[in-house]
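Dear colleague,

Here is the structure I said I would pass on to you. My notes on what I found in it follow below, and I would be glad if you read them against the coordinates.

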Amino acid sequence: MTPLIRLVRRNARDPRALALAVALFLLLAAVVVPRLPVTRDGVRVLVVVDITGSMNTRDYIQGGAPVSRLAIAKGALRDLLGRLPCPSHLGLALFSERVPFLLFEPVEVCRDYGAVAGAVDAVDWREGWEGDSHIAEGIFGAIDMAQGLDSDLVFITDGQETPPLSLSGGPAFEGRPGAVRGLIVGAGGYGLAPIPKFDDRGNEIGFWGVNDVQHENHFGPPPPDAESRPGYQARNAPFGSEIPTGTEHLSSVREPYLRALAGQTGLAYAHLDAGRDSGRHLARALLAAATPRPARGMADVRWVPGTLALAAVLAAYGLFPAWRPGGLIRFVKAAGRWS
């Protein structure tokens, strides 16, 4: 009998040697095992982010400090990227004034995660091209854009129209409800909060005041009480001569309005929560509303033999030595010295 055979037979009765041999085999398997083809249900979605001034309102609390709606929206989107099933595709657009502006068409999130996450991080309210905020027209335009891209839609906004809607209401939706699936996500708290004001260089200089904004829309017919207003003239001053005041200089999430728009368009509605679970809640709402899109992908299963190899090594040096004759007594004594 050769020395090599005697060595193999002797170690074959040693549980620790067997565990190390298994660990070596599993480690080699973790290196050479290829990725496996699988079919998964992903999503294809266009995300539109409202970057108008009211999205700077700091009515979320995170880490004990007030945080703006836009910052919370960006954080939730970054978290969402890591929760989308592979392969999923995501595009990004910005909304200001009346129309969304497309930054890029849906790309594969898992493959291009760094580029997509970087684009989300770079979203800034300073990219806005106009100060007005016609939410309904923006959502309708985003639906048309998403339909042209063959994607679902996520539209994140606080729902504050600037100037406010006229008494006749907003524009009518002329599309087919449900033709595009997805979410309207309401951002902001339910209580009124001041809106930060910035100068031409982007420096914050306070908050918008009651006399800084328009509180009433004079487009369309006058209100029923117009004749009782000071300075009323049917032809020259149908809304009266005094400047109306209200709370349009303050902001809250206009949830009833956004729910109504969701009902008109066939989209679902979800509120944007703060905290570490914001991305999980957003992902859950999106996956429930979006169109499942089966696609072939590759699953990396090398972590399975790698994990088993680590377990075998831990067993070899932590468990099996205690099984030898007298090993349990030595193990207990050693544990007593370590403690």
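The buried residues of α5 pack against β2, β5, β6 (99–108), β7, β8 and α6 (255–265), where buried means under 20% relative accessible area, exposed over 50% and partly exposed in between, with a 1.4 Å probe and protein chains only. Helices (H or I, at least four residues) and strands (E, at least two) are DSSP runs numbered from the N terminus. This is a predicted model, in which local features need pLDDT of at least 70 and side-chain atom pairs count only at pLDDT 80 or more, while totals for chains, interfaces and linings use all residues. Residues are numbered from 1 along each chain as its sequence is written, and side-chain values use heavy atoms, with hydrogens and water left out.

The buried residues of α5 are Ile 135, Ala 136, Gly 138, Ile 139, Phe 140, Ala 142, Ile 143 and Ala 146. An α-helix has 3.6 residues a turn, so residues three or four places apart point the same way. With 14 residues, α5 reaches 20 Å from its first C-alpha to its last, close to the 20 Å expected at 1.5 Å a residue, the expected span being 1.5 Å times one less than the number of residues. After α5 comes Asp 150, which has a positive phi, near 55°.

Turning to the strands, β8 (residues 182–186) is mostly covered, since five of its five residues are buried. β8 pairs with β7 in the parallel sense over five bridges, two strands being counted as paired if DSSP finds at least two bridges between them, and Val 185 in β8 is the bridge partner of Ile 156. Four bridges also join β8 to strand β13 (residues 268–271), and these two run parallel; here Leu 183 has Ala 268 in β13 as its bridge partner.

The structure holds three aromatic pairs, defined by rings of Phe, Tyr and Trp (its six-membered ring) whose centres lie within 6.5 Å, with planes under 30 degrees apart counted as stacked, over 60 as edge-to-face and the rest as tilted. One of them joins Phe 95 and Phe 155, whose ring centres are 5.6 Å apart and whose planes are at 55°, so this pair is tilted. The pair links distant parts of the chain, with Phe 95 in strand β5 (residues 89–96) and Phe 155 in strand β7 (residues 152–157), 60 residues apart. Phe 95 counts as buried because its relative accessibility is 0%. Trp 125 and Phe 198 form another tilted pair, 4.4 Å centre to centre with 35° between the planes. Trp 125 counts as partly exposed at 22% relative accessibility, and Phe 198 is partly exposed at 21%.

Finally, Asn 56, in the loop between β2 (44–50) and β3 (60–62), counts as buried at 7% relative accessibility. Leaving aside neighbours within four places in sequence, Asn 56 is in contact with Ser 68, Trp 125, Pro 196 and Phe 198, contact meaning heavy atoms within 4.5 Å.

With best wishes
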